[in-house]
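Please open the structure in your viewer and keep the selection tool at hand. The stops below are given in the order in which they may be selected.

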Amino acid sequence: MVIEEKAKEEPRIGVYVCHCGLNIAGTIDCEEVTKFAATLPHVVVAKDNRYTCSDQGQEVIKNDIKENNLNRVVVASCSPRLHEPTFRKTCEDAGLNKYLFEMANIREHCSWVHLHEKETATEKAKDLVKAAVAKVALLEPAIETEVPILRKALVIGGGVAGIQAALDLADTGYKVYLVEKQPSIGGRMAQIDKTFPTMDCSICILAPKMSDAGHHPNIELLTNSEVQEVKGYIGNFKIKVLRKPRYVTDDCSACNECSEDCPVTAPNEFDAGLATRKAIYTPFAQAVPSTYIIDHDLCLNKENVMACDKCIQACERQAINFDMKAETVELEVGTIIVATGADIYDASAYLNYGYTRYPNVITSLEFERLINAGGPSGGSLIRPNDLEVPKSVAFIQCVGSRSEKGNLYCSNVCCMNTIKDSLLIKEHWPDVKIYVFYLDIRAFGKGFEDLYRRAKEEGVIFVRGLPAEIIEDSKTHNLWLIGENTLQKEIYKVNVDMVILSVGIEPCIDSDIIQRLFTLSKTSDGFFMEAHPKLKPVDTPTGGVFLAGCAESPKDIKDSVTQASASAARAGILMGQGKVTVEAITPKTIPENCQFCGLCAQVCPYNAIVVDKEKKIVEIIEAACAGCGTCGAECPFEALHMRHFTNAQIHAQIDALTEMNADKKIIAFCCNWCAYAGADFAGVSRMQYPPNVRIIRTMCSGRVSQKFIEHAFAKGVGAVLVAGCHPGDCHYINANHQTQKRVERLWKKMERIGVNKERLQLLWASAAEGERVASKVREMQTNLKKLTLDEVEKSKAAFSRS
Amino acid sequence: MESPIIPKVIREKTKYCFECGICTASCPMVELLSTHYNPRSLLQKALNEPEKTLDDDKLWLCAWCYKCYKRCPQGLKPPEIFQLLKNRAMKLGLFNGFKRATSIMKEKVPFPLICWYACFHPERAEIGDKKITEVLKKLAKQPKLAKGIEEDSNHKDKVAIIGSGPAGLTAASILAEIGYPVTIFEALPEAGGMLRKSMPKYRLPRKVLESEIQRLRDLGVKLRTGTKVSKDISFDEIKQDGYKAIFVAVGAHKSRKLGIEGEELERVVDALDFLWKVNTQQQVNLGKKVGIIGGGNVAIDAARTALLQGAKEVIILYRRSREEMLANPWEVAEAEKEGVKIKFLVTPVRISEKEGRVQGLKCVRMKLGVLDETGRKKPMPIEGSEFSLKLDTVIVAIGETTETTFLPENLEVDKGGWVQVNPFTMETNIAGVFAGGDMVTGPATVIEAILAGKKAAYSINQYLTRIRKKEENHCGD
């Protein structure tokens, strides 16, 4: 076959060094790197280019492959996480197997993080190119296998984003399971009175969509349900959903007779606790499904104990059934959309504002329920302590946002929400005096500025400077706001009847669970991280899983809906194709080396290796294997050939990197998903760190064999860093447990042979923790300075022997 | 390369000052100095053009109360940022800012000298004490205002002040300057309140306090020391004596109890008593190892004083973590530098005894849970984490409460027992009765008490003027 022939040929390598405009060339002398590349073994062509990813840049590569008969290609440019697919495609177009391509990351990992150290950065770039050339020479061609994609989707979260995504997919013709934790879909939007900037009634525009989702033949609604387990991979997910009992059957006609007779009362969550509900209830009038539900924690009836049967008596249709049990529903889907939404910041942490201590200090969500015609006051603006219409109100912005005390980010919607709320008050009660205390008014969207102008026209008073404290008049329950008008440089003391705290948005309380279930990443803000902030804004790093709505970041309704349709389209593309190729990075067994010890099978997180010791058979189930490589790291007999990340290839990288000044260098093994991506993030954010670190990418830190580390020390390297995802966040279930074990084992060995174990470091860093990676390198560099040549020689000798 | 005036770490954090103005609106010095002082704009100036700030007198006008830090949404510590600039100014020999600041203080703030010593800590800037003492001595030499600045100060209405702490003294001084006959009732044999009772001498030399009190006497203020209201004279008797307005500022002197076994033992002392004894040269036998329970400024003062008294080892036990400590971070740092050890997340459960004396302390480790009503994470005991400490003395500094039993029953107090006042006028719910200082706010700083005294004084003046005008109109009828 052609492929095998190519592999046997003498390597003929082309190296392309990208300037990336000035992104790389501003720091690195690209011409010098190119000249250096030309001197490397097997390199036939070495060229530099302003933009290698441009059409012209790619044409150069294609021509060279044909004209110079290249059989290997290296591009030294940005992160492979960004453009590896681009250049693999280039190779394929020119008839070269795409697995014969390698990238050297001289932008995110070099020029951007060593902006002010041009010479050493250039030296580092040379090293990285050298390592890539060494690896590419050993690469082997491969053919990818195809996996079918189930044409069914799961949408988690029934807020406006989840509803929109489900409707779009269902309308395209795919079966959709919409899972919602609450008894009804609708989410936060159902609670809001009006929407900005057009002042539409929120529930009026949402209710038809809710109803559509409820009746759509392609949508199966699973309310009062939570995802419990996720297995499988892109195209073939197996999901377990826990469906909690409603204790009311579909025969319910929502007549409310049961609720009237129910003796148990509790605060109604939907009304932000401002009104009450019964133990048997429907969250709100437009709820979908409209079937009532019994709150089991409140109901007097416990398991096997019937203390009250008032609802049963009241229900003419006999729809109440206390024998209902929780059930686990098993679903098989091809794609997943996470639309789990957000929570509201708890303002009681702001002690100086007295929320929960002063009755007339409320939150913006409580205000929405107060001003809503379907709310507890029937839409009348009243203050909680005496139910009087306030003559003056104050909004306080940024409560829980843009603050160390709450969350550092801007919650995105509160400014416009306040402006909308102030206009709502003016619309019905024009004489109410309204103050808005703000830091910055952010009216950046379409139609937002107009709304802001209208509020100013209507006489809403905007004061720059947040109150330092609110003092309540104990007799009247009016509130004194004391702060500084920072534009006038004056202290204000303002007396109002009611204060509305414009509270921020937080990642939802379940987001940790969702993160674990789908091995997602989070940014430092706690929201889920997209695969690329610009170009893949609704994809996640996990194949087949997409994001929509506030789960990704705080956003308004319009943006949530836009994103929902986008993720539906992304999921639809996958399902439309019906199949996806899986990277050819799974292992092959080398039967002549295998001793059938079974260690590989023990560490495999996917149970994808079957070893029969008696029959002397070892088999890899390729469809189940995800390619983490922890089996290859565990095998003591070199009996597993980890494709595209072979022992020989990684050793060649280490050799190339340690040829010169090894004792001054740090070799870092970084997993593709978290640590490597974290280092990329450090680059994108221009976080500066010492240039003597050399990063080697593996899919999982579990691939890092003890032998790699020992080899590096034997080559005289100063220090080694092994970096992976945080425990529990591993993208290969728990393969990084093995990483930890291996590093700990090595630490013990180092202690035993008298090598300073500080020279081997283990770091858990997520894709958002660029600073963590950078500061670790800084810390290691400080220690490296103290390293003596004797110590290096000692470890060299000790590890060469072993 | 010259080191930056504001280190990178602080600069990084301070970038996120969005100028919300909360620091300025919280600052007692802003209220005392009105437009002259604005920590927000000073901070901005310091960040943008630090060099230009060095000669600014405003740098020296921060009273280290940390109210700004406690409320700052970004958790910035302006006092410490200003300190860096002061150090720099001193290095460059820029002394004029400090000098100007002293004259501003003299003009605007009652008892400037007490403030300089007890609150402003110019000595923390890296200069010799000598230079400061020179300037402050000059300040002390120039007697401030004489009696009766107001032309028509022919006031006859007598004002009574109960308590001679910083709030009481301030109010007395201002009212006497306006021309009111003022009498201070003080339970202790000498005036000064907490300034005398619990403020360590290293923080406030007693000579300074004496001279300021003497100045007050010179103004004609009558000091009835050793007169406890309720025991020696009743509140009603004061009223009947013809005092038209009464300012109550007795502070918070009642130590809270731990409520654990062994509290009655010898050598279990409350921190205020301990400081009082040391300050009045009474014999205090601490033994070698002293444990202090609590995390406020009083705990820190007690710890540092215990070291000065010769204790070999002083350990502060605090049930929350460093972040939640109410003590000023700077004071904590100073105490630690002097050798005070602090154990966090620890609470005592029993004091063990040997022959009626403290032998040790059984403690339990705590973990922090959800936010409590004070906005801090609530400490909760970790089961099975008990451990014992050998101690010779236990000093309890877990907070103080106030005493209101001598006041009319209908006086409004809140749930914590603190007196409720109108925060702007310091009026209580009883006409003619004003209150301020720690008995309103709970234990706070000297500068806050001085501000309360000043507010109360002006408000009393307004109140009495109003009444007088009413009476005059009435007579004219």
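**First stop: A:H731**

Select A:H731 and display its surroundings. Leaving aside neighbours within four places in sequence, A:H731 is in contact with A:T519, A:S521, A:P541, A:T542, A:Y606, A:W673, A:C674 and A:C725, where contact means heavy atoms within 4.5 Å. The loop that holds A:H731 runs between strand 35 (719-724) and helix 21 (735-752) of chain A. Helices (H or I, at least four residues) and strands (E, at least two) are DSSP runs, numbered from the N terminus.

The relative accessible area of A:H731 is 10%, so this residue is buried. Buried means under 20% relative accessible area, exposed over 50%, and partly exposed in between, with a 1.4 Å probe and protein chains only. One of the residues in contact with A:H731 is A:C725, and A:C725 is likewise buried, at 4%. The side chain of A:H731 also reaches the backbone oxygen of A:T519 at 3.3 Å.

**How to read the model**

This is a predicted model, in which local features need pLDDT of at least 70 and side-chain atom pairs count only at pLDDT 80 or more, while totals for chains, interfaces and linings use all residues. Residues are numbered from 1 along each chain as its sequence is written, chains are lettered from A and ligands numbered from 1 in the order in which they are written, and side-chain values use heavy atoms, with hydrogens and water left out.

**Second stop: the domains of chain A**

Colour chain A by domain; the bounds come from an automatic or database domain assignment. The assignment gives domain 1 (1-144), domain 2 (145-244 + 326-341 + 508-581), domain 3 (245-325), domain 4 (362-506), domain 5 (587-639) and domain 6 (645-802). How far apart do the C-alpha centres of domain 3 and domain 6 of chain A lie? The separation is 58 Å.

Next, select A:L139, in the loop between helix 6 (118-138) and strand 5 (145-148) of chain A. With a relative accessibility of 1%, A:L139 counts as buried. Setting aside neighbours within four places in sequence, A:L139 is in contact with several residues, among them A:R72, A:Y99, A:F101, A:H644 and A:Q649. For a view across the chain, draw a distance from A:L139 to A:A190: these residues are 51 apart along the chain, and their C-alpha atoms are separated by 56 Å.

Move to A:P197, in the loop between strand 7 (175-179) and helix 8 (202-215) of chain A. The peptide bond from A:F196 to A:P197 is cis, with omega near 0°. In the loop between strand 7 and helix 8 of chain A lies A:M199, whose phi is near 60°, a positive value in a residue other than glycine. A:M199 is buried, with a relative accessible area of 16%. Most residues other than glycine have a negative phi, and most peptide bonds are trans.

Now show the sulfur atoms of A:C201 and A:C204. A disulfide, defined as a pair of cysteine sulfur atoms within 2.5 Å, joins A:C201 to A:C204 with S to S at 2.2 Å. This link is right-handed, with 80° about the S-S bond. A:C204 is partly exposed, at 47%. By this rule the count over all chains is 1 disulfide.

Select A:P289, in the loop between strand 13 (280-281) and strand 14 (293-294) of chain A. A cis peptide bond joins A:V288 and A:P289, with omega about -5°. Then select A:A272, in the loop between strand 11 (265-267) and strand 12 (276-278) of chain A. A:A272 has a positive phi, near 55°, and is partly exposed at 22% relative accessibility.

**Last stop: chain B**

Finally, display chain B, which has 19 helices and 16 strands. Chain B is divided into domain 1 (8-141), domain 2 (158-253 + 402-476) and domain 3 (255-399). The centres of domain 2 and domain 3 of chain B, taken over C-alpha atoms, are 32 Å apart; their contact takes 14 residues from domain 2 and 12 residues from domain 3. Of the 477 residues in chain B, 55% are buried.

The average for chain B is 88, and 94% of the residues score at least 70. Where in chain B is confidence lowest? That place is helix 10 (residues 129-141), at a mean of 74, whereas strand 16 (residues 433-435) is highest, at 97.

Technical notes: pLDDT is the predictor's confidence in each residue, from 0 to 100. A polar contact is a pair of N or O atoms within 3.5 Å; within protein, one must be able to donate a hydrogen and the other to accept it, and residues adjacent in sequence count only if both atoms are side-chain atoms.
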